[in-house]
Amino acid sequence: MALDKPYRDIPGTTIFDADESRKGYWLNQFCMSLMKAGNRARFKAGERAYLDEWPITEAQKQAVLARDLNRCIALGGNIYFLAKIGATDGRSFQQMAGSMTGMTEDEYRKMMVGGGRPIEGNRYRHEWEKK
Amino acid sequence: MARVTASAYTSHVPAIGAALDHGRTHEPYWQKVFGGYEFSKDWLQANRPDVVFLVYNDHANAFSLEIIPTFAIGTAAEFAIADEGWGPRPVPKVIGHPELAAHIAQSVIQEDFDLTIVNRMDVDHGLTVPLSLLCGQPQAWPFRVIPFAVNVVQYPVPSGRRCFQLGQAIRRAVESYDEPLRVQVWGTGGMSHQLQGPRAGLINREWDNRFLDRLIADPAGLAQLPHIEYVREAGSEGIELVMWLIARGAMGDVAGGPAPRVAHRFYHVPASNTAVGHLILENAN
C-alpha cells in the first residue's frame, strides 16, 4: 500500500517525507557539510568544483548554483538543510523564505509585519487554481 | 522526591537569537517580541528550577539524514552550541543532568516509549533561543538542562497524542527520582509559520489562539488533532507545536490533580517569518 499523503492538496507546500528525503539525500548532506567553516570557504572559492565532489544530480547542482530554493525543494531539498547555503551566503531565513514566494524582499517583509500571509484562500490547491 | 513545578512554552525563532546576540533588542520591531518575555524573566528568577527538561527540535544540526531519532534524550554532562552555518551563537554551553536524564530514560523506556539515548549532541537555536528569552544573557545558564529533541523535520513525525502520552510518562519518571529537585518542562517551537515554497509566510492568528486556549483547558482533546490540521492551518513548520503537548502532558492536572495556574500568556506576529506564542503554567503545590 502506498504511503498516505493527505498533505498533497495543500498549495505551495512540499512536505518533506521519506520519498522526498530519498530523492534529496545527497543534496541535503552536501548542505550539512556547510556547517564547517572550512567547507564554507572551499564552497565559496569554487562552487561548481565543490558540488562536483558530491553524488548529486546535475539538476540539483544547477538549482544550488542558481539559488533557486523552490527548485531545490522540488528536487528533494529540505529548508533546514538548504538554510546552510543561505547562511554561507549571509542571508537570513526571512530572505530565504521570501525568495520562494515571487515577492520582493521588501514586499515579503511588509507582508509579515502586516500579519503574514492570511489563511483564507490558502488551505487547498483548488483555491489557488481558481486564481 | 523530584517534582514538576511548572511548564513553559515558547516559539524558538533563530532571528530572535540573532537580534539578542547582535544587540538589536531595543529596536521597535524586536521590542514587541522581547516585551512579551519581561514578565517571564522575573517569574523565572522567583521560580527558579534546578533542572529544565527542554523539549525542542533539531534543525538539521545535530542530526543529518544519516540518523533520524523520533525522540532523543540528551544524557551527557554538557552540550556544545551548534554552528548552524552562521557560526555558533555566543551563549554559554549547556550543562546537563546525566543522572536525572538516565533515570527518565530508564523509566519511560520501560513504559514502552522507545527513546534514543544521546551522549554527544550539539544544541541549536531550538534549545538556546528559549533559554535566552527566559534567562537573558547570563555568563552561565542558571540551571541544568536535559535536552529532548523531537523529529519534526522528516515525516513521519510523532503524533500529538503520542507526545501528550510521553509527557505524562516523563512526569511519572521525574516524580520517582529520589533527590528533591524542582523540574520545569518546556515545550518549544511554533506557532504558525511556513518557511518554504510559494505559501511561505503563512500565519493563522485565530488558529494559534485557539491552540493556546485548548492547550490550557482541553489538552487531551487538542492531542487528538491530526498532522494534516497543523500543516494546513498553521503552515508546514507549524507542526512543531506537537512538542508543546509533551510539556503539557507533564502537568499534574492530566494525572487527576488541580488545573494549572496560567501565570503568563503572550502572542505576537511577527518575529521574522513566525508567529510568537508564549505561555507559562504553574502546577498547584
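Is Arg67(A) buried, exposed or partly exposed? Arg67(A) counts as partly exposed because it has 15 C-beta neighbours inside 10 Å; the class lies between buried (20 or more other C-beta atoms within 10 Å of a residue's own) and exposed (12 or fewer), with C-beta atoms placed from the backbone.

This is a predicted model, in which local features need pLDDT of at least 70, side-chain atom pairs count only at pLDDT 80 or more, and totals for chains, interfaces and linings use all residues. Residues are numbered from 1 along each chain as its sequence is written, and chains are lettered from A and ligands numbered from 1 in the order in which they are written.

View 1. Ala60(B) is buried, with 26 other C-beta atoms within 10 Å. Most residues other than glycine have a negative phi, and most peptide bonds are trans.

**View 2. Two cis peptide bonds of chain B.** The bond from Gly190(B) to Met191(B) is cis, with omega near -5 degrees, and Met191(B) lies in the loop between β8 and α7 (205-217) of chain B. The bond from Val269(B) to Pro270(B) is also cis, with omega near -5 degrees; Pro270(B) is found in strand β9 (residues 261-271) of chain B.

View 3. Strands are DSSP runs (E, at least two residues) and helices are DSSP runs of H or I (at least four residues), numbered from the N terminus. Strands pair if DSSP finds at least two bridges between them. Strand β1 (residues 3-10) of chain B pairs with β8(B) in the parallel sense over seven bridges, and Ser7(B) stands opposite Val185(B). Strand β2 (residues 51-56) of chain B pairs with β8(B), again in the parallel sense, over five bridges, and Val51(B) stands opposite Val183(B).

**View 4. Met243(B) in the largest nonpolar core.** A nonpolar core is a set of buried Ala, Val, Leu, Ile, Met, Phe, Trp, Tyr and Cys residues joined through C-beta atoms within 7 Å. Of the 122 residues in this core, Leu54(B), Val55(B), Ile170(B) and Met243(B) touch the most other members. Leaving aside neighbours within four places in sequence, residues in contact with Met243(B) include Val55(B), Tyr56(B), Val150(B), Cys163(B) and Gly187(B); contact requires C-beta atoms, placed from the backbone, within 7 Å.

**View 5. The contact of chain A with chain B.** The contact takes 46 residues from chain A and 35 residues from chain B. Elements giving two or more residues to the chain A side include α1 (18-23), α2 (25-33) and α9 (105-113) of chain A. The largest share of that side, seven residues, comes from α7(A). By class, the side of chain A that touches chain B has 25 nonpolar, 17 polar and four charged residues; Ala, Val, Leu, Ile, Met, Phe, Trp, Tyr, Cys and Pro count as nonpolar, Asp, Glu, Lys and Arg as charged, and the others, Gly among them, as polar.

Note on methods. Contact = placed C-beta atoms within 7 Å.
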